[in-house]
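Colleague: I would like to learn how to read strand order and helix packing. Could you take me through an example?

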Amino acid sequence: MVTVMHYVSKMDRAGQETFIMNLFRKIDRRIIQFKFLCTSDSEGEYDAEIMQLGGEIKYIHLNRKFGKLKQLDNMWLLFSFLHEKSNRPDVFHIHTQHAMDAFCSALMAKAAGVKMVIVHSHNTSTVYHLKAHKLFKILLKMLPIERYACSKAAGIWMFGKSKFYKINNGIEINNFRYDQSTRKQVRDKMGWNNKYIIGHIGRFNIQKNHHYIIEIFKIVHQKIPNSELVLIGKGELFNDISDRIKQEHLENAVSLLGVRNDVDQLYQGMDLFLFPSLFEGLPVVLVEAQMSDLTCLISDTITREIDITNNIYRMSISEEAKKWAKKIIELKNCTPNRSDVTEKMRNKGYDIELEAKKMQKLYCKVLEK
């Protein structure tokens, strides 16, 4: 059996974590054993399922020190953990968006004796230490590691011209297939009948651009009084956005649903998916939304590798909010009937069944080392 340890912050319902769980459910667990090394010891939303699937969760307490010594201490802690034979996996799979984190973690894993170290790039930019990312991106080229990315753009962001594997953010397509009867049930249950539902799913942080979403929706709501904005997720800016909604007097038109385990159903009831992110690798939620054949209006910063259906539209985040609002109103008046896009999804490579088989082969390469 090959032991694979995923190095993450916490297993919450976010994009890269959702992909890992999609993979965990479909991979042959008689051959591959998943473990998780988390840097936050608070309970993750996927923890119970991980344990149910036979996974193991361990914790490493970083950031004991501050200032210049912090990174060195973090590296020592990771090395010490992995150097213990009982902790050391066959494969150490690092999920990150920053080359400094990738380099330091990969270097310690190799030094500790891990046979296969994977750096998996999940984004195309960062909100912190950009200069450090550029420097460590050069250093990362020197390490004997496996390089994975969720998109070509995310691979170039992390690895430059170095060779990398593109790993599609596959989903369980049967769960998200559009169904008219499901849409009716969801809209009845959520009280969405006779409303135009604009949805967004994402962590409440700077990257997802929630303030811009509120600004756009405020204009839309003036033009379409029966419109409702549905925001799903949590994060450090949740209270800030909640206050903004009150300031704009939109409490009766915006629903904050928190973290949900029924998003596959909620997509069915939405009319439009709004996603003006500042940057992305290749967002799982856009794969899910398109599998539901939901019209998507997204920022032009997001790679066109995500284009699966014909119902995806782009605008620049440098545009005024009123132009985004105008586009939403235009789309409302010309939205086509939704249909089953299963074949398109499979042809684009987003069936998790196929991606799990591919990942299994890649993990098993460690047996050759």
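Modeller: We start with the sheet, then turn to the helices. This is a predicted model, where local features need pLDDT of at least 70, side-chain atom pairs count only at pLDDT 80 or more, and totals for chains, interfaces and linings use all residues. Residues are numbered from 1 along each chain as its sequence is written, and side-chain values use heavy atoms, with hydrogens and water left out.

Colleague: What is the order of the six strands in the open sheet?

Modeller: Strands (E, at least two residues) and helices (H or I, at least four) are DSSP runs, numbered from the N terminus. Two strands pair if DSSP finds at least two bridges between them. Here the order is β10-β9-β8-β11-β12-β13, with parallel pairing. β10 (254–258) and β13 (312–315) are the edge strands, each pairing on one side only.

Colleague: How many bridges join β8 to β9?

Modeller: Six, between residues 196–201 and 227–232. Ile-197 stands opposite Glu-228 in β9.

Colleague: Which strands does helix α10 touch?

Modeller: Contact means heavy atoms within 4.5 Å. Helix α10 (residues 238–247) touches β9 and β10.

Colleague: At what angle do α5 and α6 pack?

Modeller: Axes are lines fitted to C-alpha atoms, for helices over the stretch in contact; angles run from 0 to 180 degrees between N-to-C directions. α5 (residues 130–140) and α6 (residues 152–159) pack at about 85°, with axes 8 Å apart. They are therefore roughly perpendicular (65 to 115 degrees; under 35 is roughly parallel, over 145 roughly antiparallel, the rest oblique). Residues making the contact include His-133 of α5 and Trp-157 of α6.
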